[in-house]
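Let's take a walk through a protein together, starting with the whole chain and then stopping at a few of its parts. Keep the picture open beside you as you read.

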Amino acid sequence: MSVSTIKGARMLSAATATVTKTSRLVFGARSLSLSHSCRPLTATTVVSNALSRTQQHTLLSSRSLSTSSTCKSQSTSIAAEGPLTSGLEKGQELHGFKVEDIQTISELKLRAIQLRHQQTGAEWLHIERDDKNNVFSIGFNTSVSDSTGVPHILEHTTLCGSEKYPVRDPFFKMLNRSMSTFMNAWTAHDYTQYPFATQNARDYENLQGVYLDAVFKPTLREVDFRQEGWRLERNPDGALGWQFKGVVYNEMKGAFSDAGSLYATRAEQQLFPGTTYQYVSGGDPEFIPDLTHEQLVEFHRTRYHPSNARIYSYGNLPLAPQLQRVAQVIRSYTRITPATVGMDVEEFGEKMVSELGPVESVGTADKQTRFSLGFLANDLRNVYETFSMSMFSSLLLNGTSAPMHKALIDSHIGSDYSANTGYSPYTRRTSLAVGLQGISDSDIPLVERRVRETFALVHEQGFERRRVDAALAGVELAYKHRTADFGLSLMKSISTGWFHGVNPVEYLKVSENVARLRADIERGGFFESLADRYFLNSRHTLKYAMLPDTKYNERLDRREHEMIQGKLASLSSADLAL
């Protein structure tokens with residue numbers, strides 16, 4: 001896929017959703033239709049396309065769900081043979097998986113069946129629905145403690161051959177042989193997923209086997225690590241000198257060259273010091289060359305384990321054969337305690353951070369400052385609060401009638417919202433940022449004042465009722481809209497919360513959240529209280545500015561040269577002669 005470089009992705013669930021930052025979340029996303037590189041899927045279908053966000057920017061930090069996947073429509077399918085899962089009951093055990101819960105979501109015409117593998121603890125969510133476009137995905141928690149991009153590079157390298165399929169790039173070789181409607185893989189902030197969809201039962205079984213072997217038994221050859229991650233290579237055409245190469249290295253270097261993406265990434269890193277989110281899961285070019293092949297293999301050993309897995313299936317194919325196939329693959333594993341990293345940020349009050357950034361070719365340097373205020377918000381695991389904050393963000397920012405649009409965009413202080421503007425429900429503690437790009441340094445105090453005044457106005461007056469009603473109607477309308485890739489949309493909508501320990505079925509109960517929100521709004525003062533709690537009385541606010549520097553790229557090149565020289569100094573003359 002094109003780059004995972006980006007954060008894009010708005011994973012707002014079927015149940016949570018409305019607006020979020022369009023810039024976050026996933027790297028890698030192996031686009032089987034394009035080049036060998038993987039990239040992100042922007043915006044994981046915020047179930048409410050109706051209330052999509054203001055700007056779609058790709059971030060490079062760790063959240064971008066990108067999809068340049070292969071999506072071929074199929075007109076033929078093989079009907080599932082035999083009954084679905086109607087005979088399953090809570091507490092029943094089948095092929096080592098115990099049924100922990102079964103819930104019917106009538107408005108979505110589905111049954112959600114939650115299972116757990118007794119030997120390893122692997123979690124499985126099966127969505128039984130009369131839909132022939134069946135979906136399967138396996139994912140792992142891959143939160144990071146550095147910016148070497150290890151989960152992103154592993155995602156690429158995993159797909160370069162496995163024990164049963166030792167050929168290079170079995171995924172790409174499947175393109176001409178599979179009837180899949182979707183094949184991909186991506187790396188988000190806290191997890192990596194490998195989904196596919198197909199309407200053909202035999203194709204589903206074959207792809208499931210390829211995917212499972214890829215994640216649990218990859219070859220992880222060093223030559224593939226060098227190809228996908230990073231390597232030193234002589235300059236072409238016989239020129240003197242060396243350069244860094246590698247699919248992920250080049251991908252992320254390109255991502256960091258975009259001023260908007262760089263800004264959003266650095267702002268997020270500054271907002272979450274001391275946590276996994278201060279690092280770039282997709283990889284920072286300055287740190288990617290620190291990763292070794294041995295570290296990659298060890299990361300796979302500890303993270304790509306059934307105890308750390310979330311398995312998702314959807315459609316009308318029988319569940320029992322799938323359970324049997326997966327159980328066969330993971331039968332030799334025993335339960336472990338998955339590795340954890342810090343996700344809870346310590347509130348720091350308020351701070352101002354200024355950094356230098358690149359100058360874009362369009363426009364003059366004196367009007368390329370970017371500035372925003374970022375506020376820590378609710379715990380992601382509170383599904384209703386996340387849903388409510390998504391609505392709040394939409395009403396605050398989206399459309400010409402939105403208060404913040406009037407205060408910042410209509411005033412023509414800057415050219416547009418800053419790349420990080422919006423609500424971000426992709427970290428353990430969610431956040432909301434508001435800012436502008438295309439301003440001068442002297443405009444920073446004015447932008448800050450306008451933002452704070454607007455929050456005060458919302459606290460005093462709330463939002464226009466007609467806009468609130470229209471927003472809720474938009475969510476309900478989008479929620480009822482069934483698309484050909486409905487199963488994939490559901491998967492994307494639940495994933496972030498699921499990997500943070502939220503019961504994924506809670507994200508499917510959109511109508512309950514809408515009804516509860518309507519009731520809270522009728523009682524009065526609901527959105528006003530959110531403005532007061534998270535913004536007017538914030539205990540964690542980042543004021544972040546990126547100032548244009550005409551010598552920024554020159555310094556980057558010099559730093560890269562120093563890194564190359566450091567790597568060369570550690571090589572023997574024999575190595576250099578290769």
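A residue counts as buried when its relative accessible area is under 20%, as exposed when that value is over 50%, and as partly exposed in between. Keep in mind as you read that this is a predicted model.

## The chain as a whole

The protein chain contains 17 helices and 17 strands. Of its 578 residues, 61% are buried. The chain exposes about 21700 Å², and carbon and sulfur atoms supply 49% of that area. How far apart in sequence are the residues that touch? Take the contacts between residues at least 6 apart: 80% of them join residues at least 24 apart.

The largest nonpolar core has 71 residues. Within this core, Tyr312, Phe392, Leu396, Phe455 and Phe527 have the most contacts. Helix H9 gives the core its largest share, nine residues. Another core, of 69 residues, lies apart from that one, and Val99, Leu115, Leu212 and Tyr544 are among its members.

If we set aside its neighbours within four places in sequence, its contacts include Ala402, Pro403, Met404 and His405. Phe455, Val458 and Phe463 are also among the residues that Leu396 touches.

## Helix H12: one side in, the other out

Helix H12 covers residues 465-480.

Which residues of H12 are buried? They are Arg467, Val468, Ala471, Leu472, Gly474, Val475, Ala478 and Tyr479. These residues cover an arc of only 150 degrees around the axis, so they sit on the same side of H12.

Strand E8 takes in residues 191-198, and eight of its eight residues are buried. In a regular strand the side chains alternate between the two faces of the sheet. In E8, Tyr191, Gln193, Pro195 and Ala197 point one way, while Thr192, Tyr194, Phe196 and Thr198 point the other way. Both sets are buried.

| Strand | Bridges to E8 | Direction relative to E8 |
|---|---|---|
| E5 (residues 134-141) | eight bridges | antiparallel |
| E6 (residues 180-183) | three bridges | antiparallel |
| E7 (residues 186-187) | two bridges | antiparallel |

You can find some of these pairings in the picture. Asparagine 141 stands opposite tyrosine 191 of E8. Phenylalanine 182 has alanine 197 of E8 as its bridge partner, and tryptophan 186 is partnered by glutamine 193 of E8. A hairpin of three residues joins E7 to E8.

## Around leucine 220

Where does leucine 220 lie? Leucine 220 is in the loop between helix H3 (201-216) and helix H4 (222-228). Leucine 220 is not a glycine, and yet its phi is positive, about 50 degrees. Is leucine 220 buried or exposed? With 7% relative accessibility, leucine 220 is under the 20% cut-off, so it counts as buried.

Threonine 157 belongs to helix H1 (residues 150-158) and is buried, with a relative accessible area of 1%. Beyond its neighbours within four places in sequence, threonine 157 is in contact with Leu220, Asp224, Phe225, Glu228 and Leu296. Histidine 300 is found in helix H7 (residues 293-303), and its relative accessibility of 9% makes it buried. Again leaving aside neighbours within four places, histidine 300 contacts Leu154, Val215, Phe216, Pro218 and Leu220.

## A contrast at histidine 412

Histidine 412 sits in the loop between H10 and strand E14 (416-417). Its phi is also positive, near 60 degrees, in a residue other than glycine. Is histidine 412 buried or exposed? Its relative accessible area is 67%, which is over 50%, so histidine 412 is exposed.

Note on methods: Residues are numbered from 1 along each chain as its sequence is written. This is a predicted model: local features need pLDDT of at least 70, side-chain atom pairs count only at pLDDT 80 or more; totals for chains, interfaces and linings use all residues. Side-chain values use heavy atoms; hydrogens and water are left out. Helices (H or I, at least four residues) and strands (E, at least two) are DSSP runs, numbered from the N terminus. The expected span of a helix is 1.5 Å times one less than its number of residues. Buried means under 20% relative accessible area, exposed over 50%, partly exposed in between (1.4 Å probe, protein chains only). The arc is that of the directions from the helix axis to the C-beta atoms. A nonpolar core is a set of buried Ala, Val, Leu, Ile, Met, Phe, Trp, Tyr and Cys residues joined through side-chain atoms within 4.5 Å. Contact means heavy atoms within 4.5 Å. Two strands pair if DSSP finds at least two bridges between them. Accessible areas come from the Shrake-Rupley method with a 1.4 Å probe; for residues, only the protein chains shown count as cover.
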